[in-house]
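Student: I have a structure to go through. Please set each value against its definition as we talk.

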Amino acid sequence: MKTSTNVLLLAFCLFFYSAISAQDLKINQIQVIGSHNSYKSQMAPELLAYLAKVNPSASQSLEYAHIPLEAQLDLGLRNLELDVYHDPAGGRYSNPKGLEIIKASGGNIPDYDPSDALSKPGMKLFHVQDLDFQSHYLLFADALTALRKWSDNNPEHYPIFILINAKDGNIPGTRPTLPFTAAALDSIDLEIRTHLGMNKLITPDRVKGKYADLEAGVLAGNWPKLDDAKGKFLFVLDESEEKIDRYLEAKPELRNAVLFVNKKEGNSTAGFRIINNAVKDEAYIRDLVQKGYMIRTRADSDTKQARANDYTTFEKAKASGAQVISTDYYYPSTFFKSEYKVNFEGNTYERPNPVLVNK
């Protein structure tokens, strides 16, 4: 009886200590797993077969899909990636050319736009115009509204990190995109403010605080505590230097900005870095994490690790201390035979950061 009492007392003490420790953690002192191209639903098989003929490697790289955003968050994922296209008038991406390929192959046209979202004004949310156009939410505004509703229904959730790709690349044979000018990039902010709400956001101004600039706040460890960040989202513009500089034209020094930007350390607007090769850059990532930066890296890409059941990149990502690790495989593939699945011990997707906690 005495032994069992001691065991229960020890368990209680460990739980109590763990809870107190968790209260003291800041958002840069955790590590989360999330998804890449999180909105993406399954491509029509006829389109994958067509791509396999003209570009086999591209076809293979697209053989993945995700469950709806809310289901990912229910599962415990705390990172999403959203690709947006500028379409202020609406209708630019209606009737994707890929539908003709499906028809010519004798396939059935998927119910890809049941609410006629593509005809409506506002940012669109999909992977590749005309080809990989199926998305759980075709309107960025609808995705944001869904995230707001999920968050309101789960107010104690820890912060969700969302990467934004502002896509304006053109592929031969597809319809031309609209460029992301400074004003267009600023409209991403506007949509997030409008449909998610400022009260839901961790912004660069919040992390800068009393310091001279964002990077100074980051190096001083001025990230919010986890308990203060419950129910909130942090957005990052994952783009080229040129496009980031355009955003900074609209938001100098990230004043009143919604988005953090992927600026290299040593810049006044640096704070959240995208460094996707954890195998090559493990030590580099770890050094930045220890200095106070937040980092996103990847566990896998282009389906390669999943096809080979290769966890090398994921293990390096974990060991690097990168706070955000993205994957296409929180569930094993349904496109090809593989047991590859990415999660932490105990089938979880959040944990204390091994580089910063319990050193």
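Student: By this rule, how many cavities of 30 Å³ or more does the count come to?
Tutor: One. The rule runs on a 1 Å grid over the protein atoms alone: a cavity is a set of points where a 1.4 Å probe fits but cannot get out. This is a predicted model, where local features need pLDDT of at least 70 and side-chain atom pairs count only at pLDDT 80 or more, while totals for chains, interfaces and linings use all residues. Residues are numbered from 1 along each chain as its sequence is written, and side-chain values use heavy atoms, with hydrogens and water left out.

Student: How much space lies in the largest cavity?
Tutor: About 30 Å³. That volume is the space filled by probe spheres set on the grid points, which are joined across faces, edges and corners.

Student: Which residues line the largest cavity?
Tutor: Lining residues have an atom within 4 Å of a point. Y93, P96, L118, F126, Q129, D130, F133 and R175 are the lining. By class, five are nonpolar, one is polar and two are charged. Ala, Val, Leu, Ile, Met, Phe, Trp, Tyr, Cys and Pro count as nonpolar; Asp, Glu, Lys and Arg as charged; the others, Gly among them, as polar.

Student: What makes a space a pocket instead?
Tutor: A pocket is an open set with protein on both sides within 12 Å along at least five of seven lines. The second largest pocket holds about 240 Å³. It has 15 lining residues, and Y50, L51, L131, I171 and T174 are the closest to its centre. Nine of the lining are nonpolar, three polar and three charged.

Student: Which helices each supply at least two residues of that lining?
Tutor: α2 (45–54) and α5 (98–104). Helices (H or I, at least four residues) and strands (E, at least two) are DSSP runs, numbered from the N terminus. The chain comes to 13 helices and ten strands.

Student: What makes β3 and β6 edge strands?
Tutor: Two strands pair if DSSP finds at least two bridges between them. The open sheet runs β3-β2-β4-β5-β6, with mixed pairing. β3 (124–125) and β6 (259–261) each pair on one side only.

Student: How do you know that β4 and β5 pair?
Tutor: They share five bridges, in the parallel sense. That meets the requirement of at least two. I164 stands opposite L237 in β5.
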